[in-house]
Amino acid sequence: DDGTITPRQDPKVRAKIITDKFTMENDDLTCWNPTDARKIWCFGPDQQGPNCVVDVSKGVQYLNEIKDSVVAGFQWAANEGVLCEENMRGVRINIHDVALHADAIHRGGGQIIPTTRRVCYASVLRSEPVFLSLSTYARSSVQRLLSEVSTVV
């Protein structure tokens, strides 16, 4: 969010920043290795948010042909999140393996984009997401306003 990591950065520079800033000892879930950090496909929502898609696969055929469609599906999912259609925040989607049809006609955006969206939703739901309630902020704001109104009355 502070602009230190952007999609337009050189992948090597971005990888150095990510591995230095976000690698924690004894924590495999939040660990970024330099190879993964160089293989970020996109950020989202709107190409610059706090979510990303990372290609951690090895030797998948035709994967670069569907990259744009996967990015579009991820952007759709990140904009309209799985919980209450709010933007996703702090989500990393890893692509481990992809089984694609040998015929190019079956690898079009019409099949890949909605499938990617559903896969992103399923992955987020499987990870037990947390919905951050805004009611505490609304309550404190209302109480502050009520105290100001009561001083006027």
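A residue counts as buried when its relative accessible area is under 20%. By that cut-off, 29% of the 153 residues of the protein chain are buried in this predicted model.

**Chain as a whole**
- Of the contacts between residues at least 6 apart in sequence, 62% join residues at least 24 apart.
- The protein chain has an accessible surface of about 10,600 Å², and carbon and sulfur atoms account for 54% of that area.

**Helix H4: extent and end**
- H4 covers residues 109-126, which makes 18 residues.
- From first C-alpha to last, H4 reaches 25 Å, close to the 26 Å expected at 1.5 Å a residue.
- Glutamate 128 follows H4 and has a positive phi, near 60°.

- Ile112, Thr116, Cys120, Tyr121 and Val124 are the buried residues of H4.
- Viewed down the axis of H4, these buried residues lie within an arc of 165°, so they line one face of the helix.
- The packing partners of the buried residues of H4 are helix H3 (67-79) and strand E3 (92-95).
- Gly110, Arg118 and Arg126 are exposed, and they sit on the face of H4 turned away from its buried side.

Definitions and conventions:
Residues numbered from 1 in each chain as written. Predicted model: local features only at pLDDT ≥ 70, side-chain atom pairs only at ≥ 80, totals over all residues. Heavy atoms only, no water. Helix = DSSP H or I, 4+ residues; strand = E, 2+ residues; numbered from the N terminus. Expected span 1.5 Å × (residues − 1). Buried < 20%, exposed > 50% of the residue type's maximum accessible area, 1.4 Å probe, protein only. Arc of directions from axis to C-beta. Contact = heavy atoms within 4.5 Å. Areas by Shrake-Rupley, 256 points an atom, 1.4 Å probe, with all protein chains shown as cover.
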